[in-house]
Amino acid sequence: MSLDPTTCYRALLARDPRFDGRFFVAVRTTGIFCRPVCPARTPKRENIEFYACAAAAAQAGFRACKRCRPETSPGTPAWLGSSALVSRALRLIRAGELDDDGSVEPLAARLGVGARQLRRLFDQHLGASPAAVAGAQRLQSARALIDQTDLAMVEIAAAAGYRSIRQFNHAVKDAFGAAPRDLRRARGTESVTGLTLRLPYRPPLDWPALLAFLAARATPGVEVVADGTYRRSVHLGDRVAAIEVAALADRPALLLRLPPCSAATLVAAAERARRVFDLGADPLQIAAQLRGDARLRPLVRRHAGLRVPGAWDPFEIAVRAVVGQQVTVRGATTLMGRLVARCGAPAALGGGLTHAFPTPVALAEADLTGIGMPRARVAALQGLARAVAGGALRLDAARGLDDAVARLRALPGIGEWTAQYIAMRGLGEPDAFPHGDLGLRVALGNGAGPVSAARLAAAAEAWRPWRAYAALLLWQGLQ
């Protein structure tokens, strides 16, 4: 990530919130690093260094500021743009890829590169090693659980990825200058009610548009969108429970609410919720690219902070994509409700949540006659379910968009549109683009009828690497 010192210092002087999390400020004279929005007195330019991420500042020997709390910033953007491979690695690290033994080799192998090359790319783009980034992520998770829950420290240590309580205590004290129990006492004596966790994001966020998109596609019995809140049934450990997510009015964060569960389950649920609402996106960087196209510019202004709605489980989006082939959004939602009623596990959670989403095994073995889909599409759906259930298909994009699309298209009944839609919403690929989509072709035609898929694909080249966001904007323009 390119850091221009002059621009960074101007942002620091202005306390510009648009730069929060995009870089961090380390002060040589104090040994402290801060967010660019820190209210403390601005240091002299000659006494500071700029770092692309908190992990790089910590790796250089600086300690987090107790006033602005760098661990509470939105963090390093998930999509750096300058390196797709580093972006994919960051996603895997957030999902806990380095939590077991900290070895970089398995992560590099999953990405299809050597460990040495991966370390070099991290140093080039972030100024920190993969291990340092994973360590910063563990600290961020641990501090959030210390501050926002009453969970036991030993449970927090394990959930955040520490191999022992001793390692956890040492890491927290070294980073924050106080032991975990002292940090919790400092928050006050009032007990935390229930299990809630704040999920920060980079503003702006078009929350109404995001909810409207999810509401139109909510799977009956599994998802409900009402009164500005998203609710759904999920597997929490060995049980099915309801979770809900709403926007906070006083800060750029969403609030995740869920029933009592282990710290490990809470951390995993928080990461899944972040994916559903695309909270790792950097809307300013995306808008700067897309507003260069005159056709997208008014949509970028109208829907500032639009995200690509993701998935709690990529298998759900894969099913939705197959079911939605050549039918309307409303028709696909009706079919999804029938699938859930026939194959999902009953779960009377109230408020319209009646089932858990069917597992790959359940769909693969189900009798789907009379469900309302053509036999060829039923065969494609069950072929997908069997491939996922048997481990023949891993629903991820660790080796990039082209690899993910090729693996999906290798399955019978899955074409380019389906594979791109799964990659866009299920796998979180920011450059996925279903150029054959009729709605996108109509939107680009701007009232003159649909353009050809080839013309749409050619126009979309200017929108890389954010074509998925361009697709969402064009769909919004049809409403």
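Close-up 1. Rings of Phe, Tyr and Trp (its six-membered ring) are paired if their centres lie within 6.5 Å, and the planes count as stacked under 30 degrees apart, edge-to-face over 60 and tilted for the rest. Going by that rule, there are 12 aromatic pairs. (Buried is under 20% relative accessible area, exposed is over 50%, and partly exposed is in between, using a 1.4 Å probe and protein chains only.) Elsewhere, ring pairs tie F19, F23 and F50 into a cluster.

A word on the model before the other views: it is a predicted one, so to speak of local features takes pLDDT of at least 70 and side-chain atom pairs count only at pLDDT 80 or more, while totals for chains, interfaces and linings use all residues. Residues are numbered from 1 along each chain as its sequence is written, and side-chain values use heavy atoms, with hydrogens and water left out.

**Close-up 2. Arginines sitting over phenylalanine rings.** A charge sits over a ring when NZ of Lys or CZ of Arg is within 6 Å of the ring centre and within 35 degrees of the ring normal. R217 has its charged end over the ring of F213, 3.7 Å from the centre. R143 does this with F176, its charged end 4.8 Å from the ring centre.

**Close-up 3. Helix α4 meets helix α5.** Helices (H or I, at least four residues) and strands (E, at least two) are DSSP runs, numbered from the N terminus. Helix α4 (residues 104-111) packs against α5 (residues 115-125) at an angle of about 90°, their axes 8 Å apart. (Axes are lines fitted to C-alpha atoms, for helices over the stretch in contact, and angles run from 0 to 180 degrees between N-to-C directions.) The two helices are therefore roughly perpendicular; that label covers 65 to 115 degrees, with under 35 roughly parallel, over 145 roughly antiparallel and the rest oblique. V104, E105, L107, A108 and L111 of α4 make the contact with A115, L118 and R119 of α5, where contact means heavy atoms within 4.5 Å.

**Close-up 4. A356 and its neighbours.** A356 lies in the loop between β11 (353-355) and α16 (360-365). With a relative accessible area of 1%, A356 is buried. Not counting residues up to four places away in sequence, A356 touches V222, S233, H235, V240, G344, A345 and A347.

**Close-up 5. Q420 in helix α19.** This helix spans residues 416-426. Q420 is buried, at 6% relative accessibility. Setting aside neighbours within four places in sequence, Q420 contacts L401, V405, A432, F433 and P434.

**Close-up 6. Two cis peptide bonds.** One joins P203 and P204, with omega about 0°, and P204 belongs to the loop between β5 (195-200) and α10 (207-216). Another joins R464 and P465, again with omega about 0°; P465 is in the loop between α21 (453-460) and α22 (467-477).

**Close-up 7. Positive phi at D227 and D278.** D227 is not a glycine, yet its phi is positive, about 55°. D227 sits in the loop between β6 (223-226) and β7 (229-236) and is exposed, with a relative accessible area of 81%. D278 also has a positive phi, near 55°, in the loop between α11 (263-276) and α12 (283-290). D278, though, is buried at 8%.
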